[in-house]
Amino acid sequence: MTTALSLHEEVASALRDGHPVVALESTILSHGLPPGRNLDVARRLEGVVRDGGAVPATIAVLDGRVVVGLSPAELERVCAPDAGLDKLSLRDLGPAVGLGRSGATTVASTSALAAAAGIGMFATGGLGGVHVGAAQSWDVSADLGVLAKVPTVVVCSGVKSVLDIPATLEVLETNSVPVLGYRTDDFPAFYLRSSGHPVGWRVDDPKRAAAVIDAHRAYAKSGVLLANPIPEASEMDKELHDRLLAEGLALVEERDVHGADVTPVLLEHFHTASGGVSIDANEALVLNNAKLAAEVAVALV
């Protein structure tokens, strides 16, 4: 599949030489952060990875071409206010490429493309999961199914509290995806350091995480979830979080929003009603995850 990918020369060279590479998604830039700030975060993410001793590889689809490692101009294009990028999960890659479209990659598609390129480490904000009421709606993120099939390590701050977290953890267990808590015994809930649910295993430094990942890959082909809580100083006040969540869920019901459209509506409400607190939190956690991903990628070499 690497023949269907366009690798930036820096990324291709790092992979050839066995240097650590960290994949980064583009949906958080095009759909998760406001224009202007998204480009600043994109550059800072890549800088954090470089400072950690790894090569960043931001992934997107541009004019029907899967690009692994964006140039500065391509990064600007993805972050432009008028970019008009589609949101591409794994099922959308074929249509987007075949029709010559441009789009930003989600956790599912970025994980799969990273694995196809030979990149084993991926840093993001939060993982998708099982939605509340999935027993009736069957609304389960493709992120979980992809992690069951590709050997990518996903470093994230858990899942958003709007999801059914116990069911999400159960699906990960069913699909043999180990969940590692980084310096925590609790599974994080994105803006909050703890969801109130335990992780299966704990690691307290990059070398221990790398040892677990290496051992897992010897016995299974599934991915690994490395759950890294948002930095304590950036955690959202729980009272504010719970109020915004209740308001957001009421808004979703009022507008009769379903499926993949739920999360963008909730995020937009968090961003606008929190006075920017949620954007600050989102930025802090994803930068922290990129830092950890680089450290673990270096330890794996």
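What follows is a chat about the labels used for this chain and its packed helices.

Guide: Quick housekeeping: this is a predicted model, with local features needing pLDDT of at least 70, side-chain atom pairs counting only at pLDDT 80 or more, and totals for chains, interfaces and linings using all residues. Residues are numbered from 1 along each chain as its sequence is written, and side-chain values use heavy atoms, with hydrogens and water left out.

Visitor: How do you know how the radius of gyration of the chain stands against that of a compact globule?

Guide: The radius of gyration is taken over C-alpha atoms, and the globule rule is 2.2 Å times the number of residues to the power 0.38. For 301 residues that rule puts a compact globule near 19 Å, and the chain has 18 Å, so the two agree. The C-alpha trace spans about 50 × 45 × 35 Å along its principal axes.

Visitor: What makes a stretch count as a helix or a strand?

Guide: Both are DSSP runs numbered from the N terminus: H or I with at least four residues for helices, E with at least two for strands. The chain has 13 helices and 11 strands.

Visitor: Why are helix 3 and helix 13 called roughly parallel?

Guide: Their axes cross at roughly 20° and come within 8 Å. Axes are lines fitted to C-alpha atoms, for helices over the stretch in contact, and angles run from 0 to 180 degrees between N-to-C directions. Under 35 degrees counts as roughly parallel, over 145 as roughly antiparallel, 65 to 115 as roughly perpendicular and the rest as oblique. So helix 3 is roughly parallel to helix 13.

Visitor: Which residues of helix 3 and helix 13 meet?

Guide: Among them are Val41, Leu45 and Val48 in helix 3, and Ile279, Val286 and Leu287 in helix 13; contact means heavy atoms within 4.5 Å.

Visitor: Where does Asp139 lie?

Guide: Asp139 is in the loop between helix 7 (134-137) and helix 8 (142-147). An unreviewed UniProt entry annotates Asp139 as "binding site".

Key: UniProt positions renumbered as here; feature names shortened; annotations may be inferred.
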